[in-house]
Amino acid sequence: AVACAAYYNILCWMGDKPVPEVQRAPLAGMIAETAQKDLCLTDEIYIQLMKQLTDNPSTRSVHRGWELMLTVSQKVCPSSDLHEYVHVFFIKALSTACSEINHIIRQCIADLNITASPAPQEEDTMTFSITLIDFSTRRVRAPHSASLKLLGDTVAGELRISRPQDFACFMLTEGIPHHRLLPDTASVSGLMEKWKVLKEKTGRSTSILYKRKLLTTEETLQPGDPTHAKLTYRQALFEYLHYPISAGMESFYKIAAAIVWADRDHFKRFIEKGYMANEGVLEQILPEESLQNKPRRQEAMKVLNALQTLESACDEGESRLVGMGRAFADMQKLKMFGAYYWPAKQIFDIDKKNLPIAKAPSTVCTINPKATDAQYYLCVDHAGVHFVAQSSGPNAQPFHRLFQFNKEAVERVLNHGVDHGNQRVAFVVSTLNSHSLEIENMTVVMQCAAAVDVAFGITMIQALRSDIP
């Protein structure tokens, strides 16, 4: 029964058995834990993985299968009878795999050798497990005193990423959807101790997530750095599938069609067998929020209609990276693409003496005079600070107001500050006073449980921007 459950989990992890991403995410860890229970299960899981990787027509499934093989190789070694067979399987796979998967296979070989014959660990080093945005993991060694910056650079070296400055470490806590950006200077061992206490108090595990600091609307996927391109696309896809507001369903259908086209060898059997409306399939291509109370077969048909239109304009022989780039470009058109966002509400009962910004203007800027009690997503991206209304109709465009970082903009952010104790973040903005019809400096104060994270995110993005004075 345990072996059957493990095989089912492998199918779900690789995408051969579709499940929603939120269910797929923890499966790699669960499978590795099962493999560590006893040697018979270890061999069974290695055999199951090799079976699924043999003659698998889906590039996406193969990639996920090798990521899972790497996670298992880092945790447990097969029996002596099977070990040589596994090694030969790895060597043969190298001759047929693409360059991106080739790198993962080589890492499997290296890590399995380390697992079989671990080298003595130096006293001042530790082994850290790092989660990537596709929920695969990497094990890296770093000094006990390492900062997150050093750890991130080590991970980038392992992954052969040419621009490590594009990535950062985030706090990934079980059951919490938002990823919290961590400062580069933080001590890794110190964080581990704090997270150990957190788990004792809450029962929730926390790990380090390594992903892009910021996705921008101007960038393209980098063909010369396949790992950078893959992780960038996976992050854009993750954020799209968790997109919290309506953007107009036609936009979503177009993006969904582009996602299917990029991985057409993976989705082919679902289309041919009429499984696109099945649970776990639509969730791979449409935002979870957009599927609420919608007839699934009707949504699947609209995606397939969009796919038919796309197919007529595409070359069947184009590479997966080209297809990913097309889907990525469509995602970049979404208002909240690449943004950090947190629920927030504007407050007007302000004690000027307690504002976290010295000499803040006494005039308050009302974000939306027609809905003063609206709930917002406070979004921060490369362009500036956005206020996006949380609720709107299924096809309606939600209220959206942007205060830019660009010093030439009429509506722009001049300053910001955070009131830790009251969970408030304040802004001084330049905007048009609707009464005097003059450009004035005004104050905006938002109640936000993540006020500290908002302020830290703004500071980080302003440091990345070259046009901020």
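Begin by selecting Ile259, Val260, Trp261 and Ala262 in H11, which meet Arg264, Phe267 and Ile271 in H12, where contact means heavy atoms within 4.5 Å. By class, this contact of H11 with H12 has 6 nonpolar, no polar and 1 charged residues, with Ala, Val, Leu, Ile, Met, Phe, Trp, Tyr, Cys and Pro counted as nonpolar, Asp, Glu, Lys and Arg as charged, and the others, Gly among them, as polar. The model is predicted, and local features need pLDDT of at least 70, side-chain atom pairs count only at pLDDT 80 or more, while totals for chains, interfaces and linings use all residues. Residues are numbered from 1 along each chain as its sequence is written, and side-chain values use heavy atoms, with hydrogens and water left out.

Now show the whole of helix H11 (residues 249–262) and helix H12 (residues 264–272), whose axes come within 6 Å and cross at roughly 105°; helices (H or I, at least four residues) and strands (E, at least two) are DSSP runs, numbered from the N terminus. Axes are lines fitted to C-alpha atoms, for helices over the stretch in contact, and angles run from 0 to 180 degrees between N-to-C directions. H11 and H12 are therefore roughly perpendicular to each other, given that angles under 35 degrees count as roughly parallel, over 145 as roughly antiparallel, 65 to 115 as roughly perpendicular and the rest as oblique.

Select next helix H1 (residues 2–14) and helix H5 (residues 59–75), the axes of which come within 8 Å and cross at roughly 125°. That angle makes H1 oblique to H5. Ile10, Trp13 and Met14 of H1 make the contact with Ser61, Arg64, Gly65 and Leu68 of H5, and by class this contact has 4 nonpolar, 2 polar and 1 charged residues.

From there, move to helix H4 (residues 39–53), where 15 residues at 1.5 Å each should span 21 Å, in agreement with end C-alpha atoms that are 21 Å apart; the expected span is 1.5 Å times one less than the number of residues. Buried residues of H4 include Leu41, Thr42, Asp43, Ile45 and Tyr46, where buried means under 20% relative accessible area, exposed over 50%, and partly exposed in between (1.4 Å probe, protein chains only). The buried residues of H4 pack against H1, helix H3 (27–35), H5, helix H6 (80–94) and helix H7 (99–116).

Then pick Arg234 in helix H10 (residues 226–241), which counts as buried at 12% relative accessibility. Not counting residues up to four places away in sequence, Arg234 touches Glu21, Arg24, Arg64, Ile133 and Asp134.

Helix H8 (residues 148–159) is the next selection, and its 12 residues should span 16 Å, which agrees with the 16 Å between its end C-alpha atoms. Leu148, Leu151, Gly152, Val155, Ala156 and Leu159 are buried in H8. These residues cover an arc of only 140° around the axis, which puts them on the same side of H8, the arc being that of the directions from the helix axis to the C-beta atoms. Just after H8, Arg160 takes a positive phi of about 60°.

Finish with two loops. Phe135, in the loop between strand E1 (125–132) and strand E2 (137–143), has a positive phi of about 75° although it is not a glycine, and Phe135 is buried, with a relative accessible area of 16%. Leu437 lies in the loop between strand E11 (424–432) and strand E12 (439–447); its phi is near 60°, a positive value in a residue other than glycine, and at 62% relative accessibility Leu437 counts as exposed.
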